[in-house]
Amino acid sequence: MKVQFTNLYVKNIDPVVTQEEFKNLFAPYSSVTSALLSVDDEGKSRGFGFVNYETHDEAQKAFDALHDSEHTGRKLFVSRAQKKAEREEELCRAHEQARMEKLNRYQGVSLYIKNLEDDVDDEKLRAEFEPFGTITSAKVMRDNQSISKGFGFVCFSTPEEATKAVAEMNNKMIGSKPLYVSMAQRRKVRKQQLES
């Protein structure tokens with residue numbers, strides 16, 4: 001279902017544009033019931049405003065014509081006006097979706113390695129795991145004094161390479177310590193598994 005709206009939010013308006021010019025910009029698309037350019041305490045434009053039409057079709061026509069259009073040397077941003085809670089919910093949803101896409105992209109290809117010797121750096125870690133496939137990143141975690149925390153992460157290009165590396169490298173002696181190698185998990189997931 002498409003959202004019906006009559007109120008538009010407009011930003012990136014040149015500060016020299018007056019209230020009357022702002023309203024006139026939207027007038028050709030039918031009867032504007034209100035047009036308000038936001039101003040500060042001194043009456044100077046804040047670069048955004050709201051325009052309301054009687055019907056959704058009128059508002060849609062103005063949106064189609066003016067979004068991304070050039071006005072006084074600036075590209076206008078025109079969208080459906082939203083309540084703050086609705087905007088925040090949409091931003092949260094977009095952020096969560098991006099986070100999940102990132103998580104899924106690295107699912108099954110990122111390894112957690114601990115028991116690293118203090119002298120192991122990113123290059124040495126990469127060199128130890130390169131025989132198992134294409135490494136997209138290798139990182140030894142360090143504290144704020146750049147001292148190794150004794151663990152790191154290696155990310156492979158495919159889950160098969162990562163699985164092979166776990167099988168071959170877990171408990172392998174590197175220096176004086178046996179490595180612990182497993183698939184990397186988010187802290188939240190790891191905690192849930194430990195509690196159950």
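A residue is called buried here when its relative accessible area is under 20%, exposed when that value is over 50%, and partly exposed in between, as judged with a 1.4 Å probe on the protein chains only. By that rule A94, at 42% relative accessibility, counts as partly exposed, and A94 lies in helix α3. The structure is a predicted model, in which local features need pLDDT of at least 70 and side-chain atom pairs count only at pLDDT 80 or more, while totals for chains, interfaces and linings use all residues. Residues are numbered from 1 along each chain as its sequence is written, and side-chain values use heavy atoms, with hydrogens and water left out.

**The four-stranded sheet**

- Helices (H or I, at least four residues) and strands (E, at least two) are DSSP runs numbered from the N terminus, and two strands pair if DSSP finds at least two bridges between them.
- Four strands make up an open sheet with antiparallel pairing, and their order is β2-β3-β1-β6.
- The edges are held by β2 (32-39) and β6 (77-80), each of which has a single partner strand, so one side of each is left without a neighbour in the sheet.
- From one strand to the next the twist averages 20 degrees, where axes are lines fitted to C-alpha atoms, for helices over the stretch in contact, and angles run from 0 to 180 degrees between N-to-C directions.
- Strand β1 (residues 7-11) is joined to β6 by four bridges, and the two run antiparallel; V10 stands opposite V78 in β6.

**Helices beside the sheet**

- Helix α1 (residues 19-26) packs on the sheet and touches β1, β2 and β3 (45-53), contact being heavy atoms within 4.5 Å; the direction of α1 makes about 140 degrees with that of β2.
- In helix α2 (residues 56-66) the buried residues are H56, E58, A59, Q60, A62 and L66, and the buried residues of α2 pack against β1, α1, β3 and β6.
- Just after α2, D68 takes a positive phi of about 65 degrees.

**The second largest pocket**

- On a 1 Å grid over the protein atoms alone, a cavity is a set of points where a 1.4 Å probe fits but cannot get out, a pocket is an open set with protein on both sides within 12 Å along at least five of seven lines, and lining residues have an atom within 4 Å of a point.
- The second largest pocket has a volume of about 230 Å³, a volume being the space filled by probe spheres set on the grid points, which are joined across faces, edges and corners.
- At least two lining residues come from each of β1, β3, β6 and α3 (84-106), and β6 gives the most, with three residues.
- This lining has five nonpolar, two polar and four charged residues, where Ala, Val, Leu, Ile, Met, Phe, Trp, Tyr, Cys and Pro count as nonpolar, Asp, Glu, Lys and Arg as charged, and the others, Gly among them, as polar.

**The largest cavity**

- About 40 Å³ of space lies in the largest cavity, which is lined by L116, V120, K124, L125, E128, F129, I174 and L179.
- Helix α4 (residues 122-129) supplies the largest share of this lining, four residues.
- I174, one of the lining residues, is 80 residues from A94 in sequence and 42 Å from A94 in space, C-alpha to C-alpha.

**The β8-β9 hairpin**

- Strands β8 (residues 135-142) and β9 (residues 148-156) run antiparallel and are joined by six bridges, with I135 opposite F156 in β9.
- Five residues lie between the two strands of this hairpin, and S146 in the turn has a positive phi of about 65 degrees.
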